[in-house]
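Here is a quick walk through one protein model, going from a single residue out to the whole chain. Have the structure open while you read.

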Amino acid sequence: MKQIIVIGGGLAGSEAALQIAKRGVKVKLYEMKPNKFSDAHTNRNFAEIVCSNSFKSNLLTNACGLLKEELRILGSELIKVADRVAVPAGQALAVDREKFSEEVTKLLEENSNIEIIHEEITKIPKDEIVIIATGPLTSENLAKEIKTIVGENELAFYDAAAPLIEKDSIDMSIGFYGDRYEQERKNDEDVENWLKKPKLMEASYINLPMNKEEYLEFYQELINAEIAELHEFEKREIFEGCMPVEIMAKRGEDTLRYGPLKPVGFTDPRTGYRPYAVVQLRQDNLEGTLYNIVGFQTNLKFGEQKRVFSKIPGLENANFVKYGVMHRNTYINSTKLLDNTYNLKKDRNLFFAGQITGVEGYVESISSGLVASLNAVQKINKEEQILFNKNNIIGALADYISTENDKFQPMNANFGIVPELPEKIKDKKERYQKLADRSLKILKNN
């Protein structure tokens, strides 16, 4: 009997298991939940979303938007689910995280080709094809086993998740609905098409404007607030892509105003002028009852989160249903260890997928799970590898993590990792559109 083992039921592992199963190959899917949880996981379902509920932009002129379209063309099962349970997020694809996990779990449990085993794996099975998709929160025991197999010191970074707030506790006499740069986007044909989807455009973001005095008061409270005891974490490097808001703030008084709190593109309805700073909240579930604070990943103590974030105008009486947390993330040095099918060079029975490989982000993890699973099936069928073109984002990511780089760190989808166009185009938007057109043409013709 042909069988592939998948270890880990996150985004990459779930995509991998579903792709293998629909190609008629049996899957043994190992997931340690609910018997054991990582520091950041709380949901017993598969494909749990820990950080933001956003899968980022849907625009083809955004690399992650293009990657999602590539995955739609390739039949990604998780992107199908994400599209079905989308919540309002402007031009972005955001999901109801509970419904997303529930639907993915149902797909896995009802698939006759998938056997689910709720057990922590501490030893990698020998002489079988295995996909390791345990994510950046790989258990300590398995991390030691992986380190033994790859023969390399593990690399680690640390990131944080943002708190969730009940919508009804937000003061809407201060807050207003809207998305940044709406007027400019009206000339964008892609966005015009997106705007025709009223369910997804209604109440995309709640914006909380701040004047200079309010911002400076909040800023001082934030940089002086108490952080949670991290012990060994305090000695580690924090990954730039998911930096705690309090660490970002300490870089300078205006850092937040040029980052997650930038007021550009907004007018305060109460004054008719641009605010000094704007805090954005993004819808987190289909019912619109929960919102997360955009860019507010944090490691503040829970009591401090309540005290400091309540200083934001409109959140004075906010009900926090989930506080931000800090957790350990681990990834292997893929540039030396993997090829561009996510296959381990020194042991061709082993594949890796997800953020443990150094792809950073939900959609990127799904893409790695798809590539690894397709090639695991090719291997068990004794067929040639499936190599994706570097002009596709899915192929560029696979190439990035498999090309030796002494300064390797996790990478999101971006146009900087794909080959340049033969012609020089100064306008960035036009250039990105041509890169997207090239990618989709290649993918559809293969």
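## Tyr 331 and its strand

Tyr 331 sits in strand E15, which covers residues 326-331. Is Tyr 331 buried or exposed? In this predicted model, its relative accessibility is 6%, and because buried means under 20%, Tyr 331 counts as buried. Take a look at Gly 358 too: Tyr 331 and Gly 358 are 27 residues apart along the chain, yet their C-alpha atoms are separated by 5.9 Å.

## The parallel sheet

Five strands make up an open sheet, and reading across it you get E6-E2-E1-E7-E16, with parallel pairing. The edges are E6 (114-117) and E16, each of which pairs on one side only. Going from one strand to the next, the twist averages 20 degrees.

Now for the individual pairings. E2 (residues 26-30) runs parallel to E6, and 4 bridges join them; the bridge partner of Lys 28 is Glu 115 in E6. Another 4 bridges join E1 (residues 3-7) to E7, where Ile 7 stands opposite Ile 132. On the way to E16 (residues 350-352), E7 makes 3 bridges, again parallel. Ile 132 takes part here as well, with Phe 352 as its bridge partner in E16.

Which way do its side chains point? Ile 129 and Ile 131 go one way, Val 130 and Ile 132 go the other, and all of them are buried.

## The cores and helix H13

The largest nonpolar core has 92 residues, and the members that touch the most others are Ile 4, Phe 55, Phe 100, Ile 131, Tyr 342, Phe 352 and Ile 393. Which helix gives this core its largest share? That would be H13 (residues 362-380), which supplies 10 residues. There's also a second, separate core of 32 residues, with Ala 162, Leu 256, Ile 293 and Ala 318 among them.

H13 lies across E1, E7 and E16, and runs at about 170 degrees to E7. Leaving out residues up to four places away in sequence, Phe 352 touches Ile 132, Ile 146, Val 150, Ile 332, Leu 338, Tyr 342, Leu 344, Thr 357 and Ala 372.

## A helix pair

Next up are H9 (residues 212-223) and H11 (residues 302-309). Their axes come within 9 Å and cross at roughly 170 degrees. Angles over 145 degrees count as roughly antiparallel, so that is how H9 and H11 lie to each other. Where they meet, H9 brings Phe 218, Glu 221 and Leu 222, while H11 brings Arg 307, Val 308 and Phe 309.

## The chain as a whole

Zooming out, the protein chain has 15 helices and 16 strands. It's 446 residues in total, and 58% of them count as buried. The accessible surface comes to about 19700 Å², with 46% of that belonging to carbon and sulfur atoms.

How much of the contact count comes from residues 24 or more positions apart? Taking contacts with a separation of 6 or more, such residues account for 72%. The C-alpha atoms of Tyr 331 and Gly 358, 5.9 Å from each other, are 27 residues apart along the chain.

Methods. Residues numbered from 1 in each chain as written. Predicted model: local features only at pLDDT ≥ 70, side-chain atom pairs only at ≥ 80, totals over all residues. Heavy atoms only, no water. Helix = DSSP H or I, 4+ residues; strand = E, 2+ residues; numbered from the N terminus. Buried < 20%, exposed > 50% of the residue type's maximum accessible area, 1.4 Å probe, protein only. Contact = heavy atoms within 4.5 Å. Areas by Shrake-Rupley, 256 points an atom, 1.4 Å probe, with all protein chains shown as cover. Pairing = 2+ DSSP bridges. Core = buried A, V, L, I, M, F, W, Y, C linked by side-chain atoms within 4.5 Å. Axes fitted to C-alpha atoms, helices over the stretch in contact; angles between N-to-C directions. Parallel < 35°, antiparallel > 145°, perpendicular 65-115°, else oblique.
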